[in-house]
Amino acid sequence: MGIVAGLDSSTESTRIVVCDTDTGAVLRQGYAPHPLEGRPSDVDPQAWLLSLGEAAGGGLLEGVQAIGVSAQQNAVVPLDAQGGTVRPAMVGGDKRAQVAAVDLIDALGGRQAWAEAVGVVPQAPQPVTKLRWLARTEPEAAQRTAMVLQAHDWLVWQLLGRPARRTADRGGASGTGYWSAANASYRPDLVELALGQQTALPEVLGPWEAAGTTPEGLLISAGTGETMAAAFGLGIGVGDAVVSLGASGSVMAVHHEALADPHGMITSLADATGMHLPVVHTSNAVRALRGTAELLGTDLEGLSQLATKSTPGAHGLVLLPYLEGERTPQLPHTAGTLSGLRRESMKPEHLARAAFEGMLCSLADALDVLRNRGVEVRRVFLLGPAADLPAVQAAAPMLFGAQVVVPQAADYAALGAARQAAWALGVSQGTLGPQQPPVWQGAAAQVFEPGEELPVGKAVRQQYVAVREQTHPGAFQG
């Protein structure tokens with residue numbers, strides 16, 4: 001038996017799990033918030049190290065043989081020629097970069113050109129867009145930038161004592177906008193297009209490769225982004241999709257190849273195992289539920305209780321939940337639509353049911369974007385606090401047309417980082433091969449089957465699609 005650790009440095013905190021290498025059983029845990037106020041767009045990376053040190057206090061890492069690092073995605077750390085930070089790290093959605101995203105799309109010739117080049121169409125959060133913003137807004141800082149790292153790249157480098165070699169992994173690199181998951185290579189010309197000059201980029205390691213060993217003999221694995229680490233921690237494979245219910249939504253699935261989407265609805269990411277992780281985002285998920293709950297003078301739990309008093313189809317009420325515009329389909333300037341109002345349908349429980357069905361049908365549309373490209377979906381992992389709501393659990397299987405798995409709450413990104421560390425350790429010791437990630441016990445979960453409700457779900461989807469096509473004809477045809 002060996003012991004490994006996984007740390008996840010998210011936007012707000014650091015979480016560490018110490019695990020048994022053979023089973024994945026969690027032996028110890030640590031937590032510390034980042035010493036930040038609010039959720040700033042600029043962060044001194046030293047805050048991540050301070051949080052890491054606090055989370056690892058009290059001998060938490062005693063006996064650990066290897067560490068894996070997961071961190072927030074899209075955080076850009078520009079370094080000068082001496083390895084110092086040129087400016088604070090640019091993190092989060094960073095709406096400052098929205099204009100830069102449009103500039104980049106136009107500069108390369110449109111969305112299709114980006115999708116074909118790197119599988120990613122620039123949005124405000126992406127590193128390539130942040131580099132464009134930096135060049136336009138802080139040209140002196142851009143000129144001093146000699147190396148660009150992401151958050152987990154920087155943390156791995158720090159743990160190793162800031163060696164000359166700087167590394168990344170294919171999962172994190174695939175979201176930058178200047179590394180192609182399809183070709184497994186950087187596009188330096190896109191970095192230059194964004195930053196106005198060439199800059200050094202970290203070496204991209206394979207999923208099982210170690211970034212290095214500390215002077216104390218502690219092996220550090222490649223690290224990866226939070227999304228890829230969470231997928232690895234959940235243990236998803238081919239045939240599995242993950243639907244994340246935040247204010248906005250996302251759908252991702254494991255696939256054997258990268259998907260270039262000429263419409264830009266699919267972001268073609270790499271996962272933490274050597275496979276691919278195509279992702280489709282929606283602008284609206286739980287925000288549609290919260291808006292409906294506020295309208296009805298209740299909360300999410302109350303909205304769920306109301307919805308269970310209605311029936312599938314909500315007496316003809318259909319809510320297109322495009323409250324903040326929409327990314328899938330691409331309707332950035334639209335608004336939500338409530339259709340089917342009749343005297344008998346104008347009751348709180350039917351509106352509540354329509355809100356849940358509208359949110360889930362919108363996410364089912366996103367699932368279909370992947371299915372229509374040949375991605376197999378046999379079961380759907382449902383994540384986020386709203387996944388525990390009875391109304392979601394009752395409707396999701398029949399609307400998604402698949403088994404729905406609601407995992408028990410856990411630090412899956414940290415677990416995925418620990419599993420990566422166990423893999424790199426096993427390869428270094430000769431007990432595992434590059435194609436053999438450690439087999440750990442799957443997440444404890446509730447499982448829901450569509451069963452006899454599947455035809456009912458199809459009818460509700462048809463009702464939703466009919467309203468969508470009438471309101472936004474051809475929205476999914478480009």
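His 276 is found in strand 19 (residues 276–282), where strands (E, at least two residues) and helices (H or I, at least four residues) are DSSP runs numbered from the N terminus. The model is a predicted one, in which local features need pLDDT of at least 70 and side-chain atom pairs count only at pLDDT 80 or more, while totals for chains, interfaces and linings use all residues. Residues are numbered from 1 along each chain as its sequence is written, and side-chain values use heavy atoms, with hydrogens and water left out.

His 276 is buried, with a relative accessible area of 9%; buried means under 20% relative accessible area, exposed means over 50%, and partly exposed lies in between, for a 1.4 Å probe and protein chains only. Leaving aside neighbours within four places in sequence, His 276 is in contact with a set of residues that includes Arg 170, Ala 181, His 255, His 256, Glu 257, Leu 269 and Asp 271, contact meaning heavy atoms within 4.5 Å.

Strand 1 (residues 3–9) is mostly covered, since 7 of its 7 residues are buried. In a regular strand the side chains alternate between the two faces of the sheet. Here Ile 3, Ala 5, Leu 7 and Ser 9 point one way from strand 1, whereas Val 4, Gly 6 and Asp 8 point the other way, and all are buried.

Strand 1 is joined by 7 bridges to strand 2 (residues 13–20), and the two run antiparallel; they form a hairpin with 3 residues between them, and Gly 6 stands opposite Val 17 in strand 2. With strand 5 (residues 66–71), strand 1 pairs in the parallel sense over 6 bridges, and there Leu 7 stands opposite Val 69.

Val 69, which lies in strand 5, is buried with a relative accessible area of 1%. The C-alpha atoms of Val 69 and Ser 9 are separated by 7.8 Å, although the two residues are 60 residues apart along the chain. Not counting residues up to four places away in sequence, Val 69 touches Leu 7, His 152, Leu 155, Val 156, Leu 159, Ser 221, Gly 223, Thr 224 and Ala 417.

Which residues are in contact with Thr 214, leaving aside its neighbours within four places in sequence? They are Leu 159, Leu 160 and Ile 220. Thr 214 itself is placed in the loop between strand 13 (210–213) and strand 14 (219–221), and is buried with a relative accessible area of 8%.

**Helix packing**

Two packed helices are described by the angle between their axes and the distance between the axes. The axes are lines fitted to C-alpha atoms, for helices over the stretch in contact, and angles run from 0 to 180 degrees between N-to-C directions.

| Helix pair | Axis distance | Angle |
|---|---|---|
| Helix 2 (residues 98–108) and helix 4 (residues 127–137) | within 8 Å | roughly 105° |
| Helix 9 (residues 226–234) and helix 14 (residues 412–429) | 6 Å | about 75° |

Helix 2 and helix 4 are therefore roughly perpendicular to each other, with angles under 35 degrees counted as roughly parallel, over 145 as roughly antiparallel, 65 to 115 as roughly perpendicular and the rest as oblique. In this contact Ala 100, Ala 101, Asp 103, Leu 104 and Ala 107 of helix 2 meet Val 128, Thr 129, Arg 132 and Trp 133 of helix 4. By class, the contact of helix 2 with helix 4 has 6 nonpolar, 1 polar and 2 charged residues, where Ala, Val, Leu, Ile, Met, Phe, Trp, Tyr, Cys and Pro count as nonpolar, Asp, Glu, Lys and Arg as charged, and the others, Gly among them, as polar.

Helix 9 and helix 14 are likewise roughly perpendicular to each other. The residues of their contact divide into 9 nonpolar, 3 polar and 2 charged.

**Cysteines**

The structure holds 0 disulfides, a disulfide being a pair of cysteine sulfur atoms within 2.5 Å. Cys 19 is buried with a relative accessible area of 0%, and Cys 361 is buried with a relative accessible area of 1%.

Note on methods
Pairing = 2+ DSSP bridges.
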